Amino acid sequence: MITRLSRRALPAVAAAALLAACTSGGGSTDAASTAPTAAPGTASAAASSDPAAPTATPAPTPTPTVKPTGQADPALQAFYGQKLAWAACKDDPATTKTDESAVQCATLKVPLDYADPASGETLDVAVARIPAARPEQRTGSLLINPGGPGGTGVGMVQRGQKDYDGPLHDHFDVVGFDPRGVGGTSPVKCLDDKARDAWATTDTPGADHGKLLADACQAKYAKLLPFVGTRNTARDMDVLRGALGDPKLNYLGLSYGTYLGSVYAEEFPDRTGRLVLDGASDRSTSLVQHNIEQYAGFERSFKLFAGECVTKSPCPLGKDPEAAPKKLADFLDGLKDKPLTTTDGRKVTATAAWNGVIDSLNDAQGYADLRTILTMAMNQGKGDHLMALADGATGRDAKGGYKVSADAYTAVHCADTAMAPTEAELQAQLTELAAKAPLVTAHNPAAALFDPDCRSWPFRSAEKAHPIKAEGSAPIVVVGSTGDAATPYAWSEKLAGSLAQGVLLTREGEGHTAYGRSACIRDAVHSFLVDGTVPAAGTRCATDAAR
């Protein structure tokens with residue numbers, strides 16, 4: 001399963017992983033190594049056995065020359081100084097309710113490898129913006145990221161033009177960009193649609209399930225894959241900041257976008273303007289531990305949904321709120337042996353059904369629809385709508401095509417991940433998972449633990465998991481929701497506590513992320529982004545009654 005704004009669920013059989021982070025102090029990994037030690041046999045390497053011999057004076061260790069990073073690196077100045085050529089975006093005829101040409105698009109040039117920016121190898125980053133509605137009040141640019149990894153910031157701007165009306169649109173150019181491997185920025189799409197249909201819905205993934213995807217990605221994107229990680233995308237954000245002419249970065253990141261924003265703050269603490277991180281994704285522990293905690297959140301939401309279902313109509317789970325969660329889990333698990341068949345002949349497997357149901361738990365306002373869909377499936381044997389939920393979770397459209405975000409999710413995570421599980425660790429993790437999320441993971445605990453599968457990935461990341469402090473940054477607002485299953489509230493508490501200048505803003509209520517669910521949260525976020533007013537410690541908001 002996947003941490004994201006709209007949680008796209010993918011079955012993946014994988015291994016443990018360590019996520020995130022750079023060198024201590026938030027510095028870049030481009031720093032030069034320390035000076036070499038003296039060679040064996042020299043006076044400074046070994047003392048003489050002759051007591052009369054003069055004592056050798058060790059040569060002083062030279063102070064290493066620290067390589068300038070970011071805009072201070074001469075090799076990067078041309079990238080920072082580039083001028084973006086804005087033009088009307090190309091309208092997508094498939095989106096009848098949105099005119100993409102009302103938004104401006106441009107391309108940002110960035111180095112493929114920040115360790116060797118002079119190599120000449122570059123990437124073109126897709127960028128879109130909605131210019132500030134009131135130029136006389138313009139503060140600068142506000143970068144946004146919808147989550148994922150795999151979410152398209154360009155699409156978020158193009159298809160959500162009305163979402164920013166008000167203070168944000170008045171004061172900012174709202175800017176979205178597609179991270180490396182996503183959308184219009186060297187998109188990673190490893191499997192064809194037919195192969196992904198089988199790969200994403202199988203209830204019996206073999207030992208080579210993850211390797212199949214890894215090999216397909218390696219065959220198509222061997223050169224790109226080592227460079228699509230979050231740290232390089234954060235560096236791209238700083239180049240974009242420079243090209244936009246902003247001295248500091250203002251940023252609103254959701255779900256995975258909170259990790260991207262915190263890595264940016266770690267890399268460039270002196271360039272943080274006003275950062276809002278909504279629905280924090282905790283990357284201070286291994287990916288396996290991350291997944292265990294996330295599935296514990298889904299277990300809670302699953303029980304909550306099933307318990308409330310029996311008080312509503314329609315509901316196929318009987319009248320006992322205590323028995324309802326197990327009844328629903330048994331039905332979904334039973335699809336492994338007796339899948340439903342859709343009108344076009346597709347099979348609603350247990351994996352597909354669980355993907356759709358768990359994805360639906362991100363929005364409590366969709367519970368009524370979920371009850372109806374489950375009633376049709378459980379009482380009438382109709383699987384079309386349940387399969388539609390699964391398709392929405394995995395990014396499959398009505399014509400059978402898949403969004404590239406599915407493969408970008410794996411590519412980014414594996415670029416952020418160092419794999420080193422042992423058999424003993426695996427058994428302990430399976431035991432912990434079974435204790436914390438027995439209902440929602442029993443059908444395939446390996447897919448829950450190891451998502452995505454980076455064991456067969458063609459390279460190993462050097463990243464190591466650690467809490468992000470971002471010493472020297474401006475205040476950073478972390479927004480958490482008490483009933484968020486995809487990014488549990490404890491993660492927002494942890495991130496706000498680890499950041500040197502973290503401030504926690506809380507929404508009481510169910511659902512993933514807070515900005516779109518509470519006027520109180522939006523007001524606080526707007527006050528911070530527009531005026532720089534930091535929320536008071538301990539501020540808590542209610543979810544909108546209309547939601």
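Leaving aside neighbours within four places in sequence, Thr 185 is in contact (heavy atoms within 4.5 Å) with Asp 124, Val 125, Ala 126, Asp 178, Pro 179 and Arg 180. Thr 185 is found in the loop between β6 and α4 (193–201); helices (H or I, at least four residues) and strands (E, at least two) are DSSP runs, numbered from the N terminus. With a relative accessible area of 0%, Thr 185 is buried, where buried means under 20% relative accessible area, exposed over 50% and partly exposed in between (1.4 Å probe, protein chains only). The side chain of Thr 185 also reaches the backbone oxygen of Asp 178, at 2.7 Å.

The model is a predicted one, in which local features need pLDDT of at least 70 and side-chain atom pairs count only at pLDDT 80 or more, while totals for chains, interfaces and linings use all residues. Residues are numbered from 1 along each chain as its sequence is written, and side-chain values use heavy atoms, with hydrogens and water left out.

Turning to the chain as a whole, the protein has 18 helices and 14 strands. Of its 547 residues, 55% are buried. The accessible surface of the protein chain comes to about 22100 Å², and 54% of this belongs to carbon and sulfur atoms; such areas come from the Shrake-Rupley method with a 1.4 Å probe, and for residues only the protein chains shown count as cover. Among contacts between residues at least 6 apart in sequence, 76% join residues at least 24 apart.

An open sheet is formed by ten strands, in the order β2-β3-β4-β6-β5-β7-β8-β12-β13-β14, with mixed pairing. Two strands pair if DSSP finds at least two bridges between them. The edges are taken by β2 (87–88) and β14 (540–542), each with a single partner strand, so one side of each is left without a neighbour in the sheet.

Two helices that pack on this sheet can be described next. Helix α6 (residues 230–244) touches β3 (104–111), β4, β5 (140–145), β6 and β7 (249–254), and its direction makes about 120° with that of β3. Helix α17 (residues 489–498) touches β8 (272–278), β12 (476–483), β13 (502–510) and β14, and its direction makes about 160° with that of β12. For these angles, axes are lines fitted to C-alpha atoms, for helices over the stretch in contact, and the angles run from 0 to 180 degrees between N-to-C directions.

Strand β4 (residues 122–130) and strand β6 (residues 172–177) pair in the antiparallel sense over four bridges, with Ala 128 standing opposite Gly 176 in β6. With β5, the pairing of β6 is in the parallel sense over five bridges, and Leu 143 has Val 175 of β6 as its bridge partner. In a regular strand the side chains alternate between the two faces of the sheet. In β6, Phe 172, Val 174 and Gly 176 point one way, whereas Asp 173, Val 175 and Phe 177 point the other way. Six of the six residues of β6 are buried, so the strand is largely enclosed by the rest of the structure.

A search of the whole structure finds 27 salt bridges, each defined as a side-chain nitrogen of Lys or Arg within 4 Å of a carboxyl oxygen of Asp or Glu. One of them joins the side chains of Lys 223 and Glu 121 (3.4 Å, N to O). Lys 223 lies in the loop between α5 (209–221) and α6, and Glu 121 in the loop between β3 and β4, so the pair ties together parts that are 102 residues apart in sequence. Glu 121 counts as partly exposed, at 35% relative accessibility.

Asp 193 forms a salt bridge with Lys 189, with the closest N and O atoms 3.0 Å apart. Asp 193 is partly exposed at 24% relative accessibility, and Lys 189 is partly exposed at 25%. In helix α14 (residues 423–436), Glu 432 and Lys 436 lie four residues apart, about one turn of the helix, and their salt bridge brings the closest N and O atoms to 2.7 Å. Glu 432 is partly exposed at 22% relative accessibility, and Lys 436 is partly exposed with a relative accessible area of 40%. Elsewhere, salt bridges that share partners join Arg 231, Arg 235, Glu 266, Glu 267 and Glu 463 into one network.

How values were computed: Polar contact = N/O pair within 3.5 Å; in protein donor to acceptor, adjacent residues only side chain to side chain.
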